[in-house]
Amino acid sequence: MADYHRRRIVAAVVTLTVFAAGICSILISVSNQPPAEPPNQKRQSANPDLGISGREIPPPPLSSSPYLNTKLDVTYVGSDACRECHADQFESFSRTPHSRSLGPVDLAEQPPDVDFEHPKSQRRFRVSRKDGRLVHRESLVDGDKPEFVLGDFSVAYEIGSGHHSRSYLVDFEGFLVESPLTWYASKQEWGLSPGYDIVNWGFTRPAREECIHCHAGRVEAVDGTTHRLAFREQRIGCESCHGPGLRHIQDRRDTVKPSPDIDHSIVNPHHLSRELNESVCARCHLRGEAFVAVRSRHQNDFRPGLPLTDFRIDYQAEHPAKSMTVVGHFQQMHQSSCYRQSNTMTCTTCHNPHDSPPAPQKAAYYRDKCLSCHAETGGCQLDETKRLAKNPQNDCVSCHMPKADTDIPHFAFTHHRIAVEHSPHNRNPSNEIVELVPFNDVSRFSEIEQARGLGLADLEFADRVSPQMRSAYLQRATARLRSVHAGGLRDATVLAALARLHWEEDSRQCISFAEAALKSPDRSAVSNVNALIVLGDMHLRLGDHQAATQAFTQLTTIRRWPDDWKMLGTSLMQAKDFPGAARAYTRAVDIRPADFDLRLLLADALEESGKHELAKQQRDLANRLRKP
């Protein structure tokens with residue numbers, strides 16, 4: 001049984017640690033939040049030299065800035081505090097999609113209720129209003145058999161303005177997970193959430209902090225978890241682009257003086273250099289093949305007015321331009337002739353962050369943006385008669401920035417390459433090993449920091465390529481991270497990554513790396529998860545059921561994920577604690593009720609506990625679920 005579980009764990013390691021489908025991108029992060037305490041391990045490190053000891057290497061310094069609110073200790077105050085002095089901007093911003101990025105469900109604004117079936121998965125879905133709540137339901141439909149409800153939950157939050165779509169979050173004791181249902185504005189209909197056409201996660205896919213932070217003003221994971229979230233400000237707000245506002249408010253209220261030309265108490269992106277201006281937008285609209293948090297930094301540390309590379313490094317593969325991704329606008333803009341031939345063009349050249357043009361005025365609005373640069377060349381070179389016949393609105397965007405397919409089902413977004421002709425590009429990496437290069441300049445980083453970033457990027461990218469190519473990137477990641485470790489840089493993210501890399505080689509060294517990661521002073525929830533999975537599995541294989549149980553128990557407190565409970569159940573089964581195993585498997589089934597494997601494991605534990613009738617019920621359900 002242990003070998004069976006280990007095969008399932010190895011295959012799902014990325015799914016277990018990083019939830020990257022649809023709007024959510026892979027991230028290896030370093031959190032400054034107080035992490036959960038690691039379990040007490042009985043076994044000593046197999047090789048203490050592989051631990052956290054090493055020369056002290058201070059983290060990369062933050063860039064200097066004349067803006068006083070770029071300091072990490074300046075306090076956020078929330079957008080409402082800005083309204084008193086900036087009422088006009090506040091009101092116009094409230095009409096933008098950014099201001100409606102996330103919030104509690106407003107029943108009056110919701111699309112109509114619906115029932116529909118998804119034949120491929122033999123599922124029926126229902127959206128309904130009940131007792132003032134929006135309820136999403138998923139059921140199994142199997143011939144003439146009674147409908148079996150897999151999930152029936154009230155929705156806590158909606159994500160998205162509704163301009164393109166609305167996705168939904170369900171709250172399980174503070175742990176947020178995504179609903180399998182999304183409203184698609186382009187088709188004016190309900191459908192499966194992005195990625196669910198490929199794998200139906202049901203009500204299990206965690207909405208991690210790394211996924212939600214681009215939709216919220218301020219969000220933080222709490223209690224050392226990955227997706228038990230606390231919102232400091234739900235919707236994207238003023239401080240997302242201008243930085244924390246307390247210093248500015250105090251400066252304006254406590255000092256009587258004329259306003260300076262540039263107020264350095266708060267960031268105004270208009271006064272920033274192009275690189276720093278772009279960093280504000282790139283925080284959410286730049287996604288490469290991989291991105292890695294800078295050592296000892298957390299995504300919530302980012303301050304407008306500082307380079308994004310002070311906090312994270314994005315990597316792209318050195319191969320031809322790729323097709324559209326949902327957050328690929330930034331890379332596409334950089335490929336455009338308009339951008340390359342300009343010294344000043346940024347996102348805000350065309351997009352007013354404080355306002356959005358009404359739909360009837362959009363074509364004229366953006367045409368004026370284009371003509372502000374292209375009027376001297378006579379504007380569009382296509383004959384006017386042909387142009388108007390093709391596009392009566394005389395809309396530059398429809399030809400030069402057409403709608404492009406994305407890697408998210410049902411979605412098409414405006415292509416930002418701004419080209420005369422748009423040819424399709426294959427986003428999938430080729431069958432040749434490619435180098436990952438930083439999207440932005442990182443020459444100021446030391447050689448060992450750059451090697452750390454490349455090693456972690458290779459590890460992440462390995463999970464995006466074909467199985468045939470995966471081993472090459474893992475080998476490169478191993479070589480780079482071993483070199484970094486040998487050079488004395490041993491932060492928790494590197495140690496946990498090395499534990500995973502050596503785990504796949506079935507090396508006892510992975511225990512040392514995992515234990516060191518759990519003891520590291522800069523450990524995070526994500527590094528704890530990676531280390532605990534490896535440590536628990538290795539102890540399970542070595543027959544140390546007590547140590548394995550401790551590791552898996554700790555894992556269940558960090559996140560709401562069924563496989564953690566499954567691994568705990570397996571450990572307890574091998575320790576002959578059959579009632580304990582049944583409880584763990586029951587918890588796993590509660591989280592993912594459509595998993596027939598879990599129900600068979602639960603049936604085994606119930607059988608061993610003498611509960612034969614309950615075991616038979618679980619086997620019958622497992623056989624029914626096996627067909628889809």
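Q: Is C238 buried, partly exposed or exposed?
A: C238 is partly exposed, because its relative accessible area is 21%. Buried means under 20% relative accessible area, exposed over 50%, partly exposed in between (1.4 Å probe, protein chains only). This is a predicted model: local features need pLDDT of at least 70, side-chain atom pairs count only at pLDDT 80 or more, and totals for chains, interfaces and linings use all residues. Residues are numbered from 1 along each chain as its sequence is written, and side-chain values use heavy atoms, without hydrogens and water.

Q: Which cysteine sulfur is closest to that of C238?
A: The one in C82, at 3.9 Å, too far for a bond. A disulfide is a pair of cysteine sulfur atoms within 2.5 Å.

Q: How many disulfides, then, in the whole structure?
A: The search finds one. C214 is joined to C284, S to S 2.3 Å. The two are 70 residues apart, linking distant parts of the chain. C214 sits in the loop between α5 (209-212) and β11 (218-221), C284 in helix α8 (residues 274-285). Helices (H or I, at least four residues) and strands (E, at least two) are DSSP runs, numbered from the N terminus.

Q: What's the handedness of the C214 and C284 disulfide?
A: Left-handed, because the torsion about the S-S bond is about -100°.

Q: Are C214 and C284 buried or exposed?
A: C214 is buried at 16% relative accessible area. C284 is buried too, at 18%.

Q: Switching topic: which residues are buried in α23?
A: A615, Q618, A622, R624 and L625. Their cover includes β4 (133-140), β5 (148-154) and α22 (596-608).

Methods. Contact means heavy atoms within 4.5 Å.
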